[in-house]
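Subject: Structure handover

Hi,

Here is the structure I said I would pass on. Please open it alongside these notes.

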Protein chains: 2
Amino acid sequence: MIDVDNALNIINESTKKLSLEKKDILSCLNKVLAEDIYSKDNLPPFDKSAMDGYAIKSEDTTNCDSENVVEFEIKGLIKAGDYCEDELKPGQTFKIMTGAPLPKGADAVIEIEKVEVEGNILKISQVVNKNNNVIKLGEEIKADELALNKGSNIRPVEIGLLASLGYSSVNIYKSPTVALIITGDELIDIDSKLQRGKIRNSNEYSLKALIKNSGAKALSLGVVADDKDNLKGKVKYALKNADIVVSSGGASVGDYDFVDNVLKEIGADMKFNSVAIKPGKPVTFATYKEKLFFSLPGNPLSLITTFEEFVKPAIEKMMGKQIGNTEEFPVILAENFKAKRGRKKYVYVEIKEDNGKYYAYKVGSQCSNHLMTMSGANGIIIIPKECGEVKAGGVLNGKFIFK
Amino acid sequence: MIDVDNALNIINESTKKLSLEKKDILSCLNKVLAEDIYSKDNLPPFDKSAMDGYAIKSEDTTNCDSENVVEFEIKGLIKAGDYCEDELKPGQTFKIMTGAPLPKGADAVIEIEKVEVEGNILKISQVVNKNNNVIKLGEEIKADELALNKGSNIRPVEIGLLASLGYSSVNIYKSPTVALIITGDELIDIDSKLQRGKIRNSNEYSLKALIKNSGAKALSLGVVADDKDNLKGKVKYALKNADIVVSSGGASVGDYDFVDNVLKEIGADMKFNSVAIKPGKPVTFATYKEKLFFSLPGNPLSLITTFEEFVKPAIEKMMGKQIGNTEEFPVILAENFKAKRGRKKYVYVEIKEDNGKYYAYKVGSQCSNHLMTMSGANGIIIIPKECGEVKAGGVLNGKFIFK
């Protein structure tokens, strides 16, 4: 049995970013950029007006105040999308709309609310500073400058930025395909009526949802009978057609540990088969060439916990994301929590915020079969393996779940 | 010009949950449940073993210790999925696997690690309590009990829970369709080379990404020329085919405010046309029957900010989610931040965590044109409209963006 941190290190060392693929930018949302992006142009590509107003030479207003009103001849209107060929001469102005390019010779814009207009005469009674309401050419970014680093997360703002830079497609890291092998002779189909000794196959659905939320693609091989030859065929198929294989439950039957045996027979590199985590513990991790194999426990709560703790970081690393525990924060225990020493314990709780502090409340039995409990929870608290019971008022690290 | 809170209240009052639709459970991920879900069965449907071990009558071990070893006759093996017809008699045991149903007459399971076996004789040298390692029938939920409330968010755990309860499909609230009308004669296609006075259409892409992340469906009408009749046709089409219409920019050209005029002409109920928010301000909100219309500013940063602040809560309410500001938390200013009084200001920053506290750092110009700035940010700080400059060390509310 190894520690959670050791297990995560081994998984991290065994996991590589996948290769690149070029995708249209909207398909890149929530993926990781796999190339540096340089600006092809100056943005904005011209001096432009930040307001609806009048473009002028600022020097024309040098001595201007309410006693010394300056008059300008309005030469025309420049709308966004227009381009004015005329050069502004002293005493002249153009009405200009937000986003429109300044005419040559103009260096400032005065807002429409601050002037008086009579016919084609504009009256200004205040000093207007150079570059007032002007967004300068190249102010956001200059041609050939680095706009986005390889490794950036592509959020809606990056989608907009890429569009404004003229990139309709970019290279991202591929998303892994995760194959699912569900074992357990007690499992019946979701639509079936319960029979003696049977329960419904819920793990396949939880896993598909977890995989979807992680940004990976699921390839489900469905419920596989507890038969070694059959399982071996499925494992080989899964390793061939997916980047990660996740098996759930039922693998350890009687004196046979089919999954581990199959992995050894095909020459997989067995990394560990037990982790000091609760719920969880019987987690096998192996590699086969560049592929990863996780054998997770069949108890629904253990399955979701170990997927989030061990498989999700591997998926994220393959997609080019950073692995980290940055989502943890201090949580104050509102009640006593019982625990046994020896394993790192993830206790599903309701985390409530009060005046900038977070408090953890019980939500029910932590029995690893009970999805009802997790369904009432919005977070976990993490009890270190050295700790037994932890008392109300104590502070532990916690995090929100399914974020 | 109205306050942000007023604007949000008006939007909230004008927004109703959409109607229901029945979907297979995996399609319900991240949606909101629109019905109460009751359990059809007791879960688990039988007393089952939580461990690999031996099923016994606990009373057979009453006086058991290392001096008084008790022997049992091993009658057979019960695997998960099996159902044992035999009734256990005193002095008998069945080997039993995790998840398997207890045989009649058994009331406890002792772990495989705690016993000795010789041939078909099991030796126990400790007291085993009643219900030890037994998950009782109905322990998770009983038949006809409420399992999930209408209004619950459907996360991976709820997908698994619904599957275990035998629900392959459930009623959820529909996700809104959001129509997009992009205006601005300065806009050219993303793949085009920049021409004089033109910039690329980035807002359509930002908006599609924001809509996708919010769980709604986008219906883009593309770039619409600044022509009133044309615009009117597009607005009517959008209101007919979508639940929410978002227009962006270019609507206020010269002395014409086409979008507002069109909305008035078709009889829309104009709610407000200016909000005390920066970046933002020229936000028009109107309703037309049950449909919502948001006219947002064309500056990329203002557009994303006002979408997240005003449109996203409406989308979420239509989908049955709660509208709330629960994601805000106290942030310590690491630097001085300049601001003008009069509008609630959203400043894009980098929020860094240090020892359980959050600190805000500048990321660059807050010019409402600059997506580069937002791309460097992971959060915002919110400066109340009454505040001017805020000093380093001060505490403001902040939140992470794109969460």
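This is a predicted model: local features need pLDDT of at least 70, side-chain atom pairs count only at pLDDT 80 or more; totals for chains, interfaces and linings use all residues.

Residues are numbered from 1 along each chain as its sequence is written, chains are lettered from A and ligands numbered from 1 in the order written, and side-chain values use heavy atoms, without hydrogens and water.

**Chain B against chain A**

On chain B, 78 residues are in contact with 78 residues of chain A (contact: heavy atoms within 4.5 Å). The two chains bury about 6500 Å² between them, and carbon and sulfur atoms give 61% of that. Buried area here is the accessible area (1.4 Å probe) that two parts lose on being put together, summed over both. B:Glu140, B:Pro156 and B:Met372 supply 9% of what chain B buries against chain A, more than any other three residues.

There are 4 salt bridges between the chains (a side-chain nitrogen of Lys or Arg within 4 Å of a carboxyl oxygen of Asp or Glu). B:Arg196 and A:Glu85 meet in a salt bridge, at 2.7 Å from N to O. Polar contacts between chain B and chain A join 28 residue pairs, both residues at pLDDT 80 or more. A polar contact is a pair of N or O atoms within 3.5 Å; within protein, one must be able to donate a hydrogen and the other to accept it, and residues adjacent in sequence count only if both atoms are side-chain atoms.

Which element gives the most to the side of chain B that touches chain A? H2(B) does, with 8 residues. Helices (H or I, at least four residues) and strands (E, at least two) are DSSP runs, numbered from the N terminus.

**Helix H2 of chain A**

Buried means under 20% relative accessible area, exposed over 50%, partly exposed in between (1.4 Å probe, protein chains only). Among the buried residues are A:Glu158 and A:Ser164. Just after H2(A), A:Gly166 has a positive phi of about 85°.

**B:Ser49**

B:Ser49 sits in strand E3 (residues 48-49) of chain B. B:Ser49 counts as buried because its relative accessibility is 1%. Its side chain reaches the backbone oxygen of B:Met51 at 2.6 Å. Leaving aside neighbours within four places in sequence, B:Ser49 has contacts including B:Ile96, B:Thr98, B:Leu102 and B:Asn133.

Best wishes
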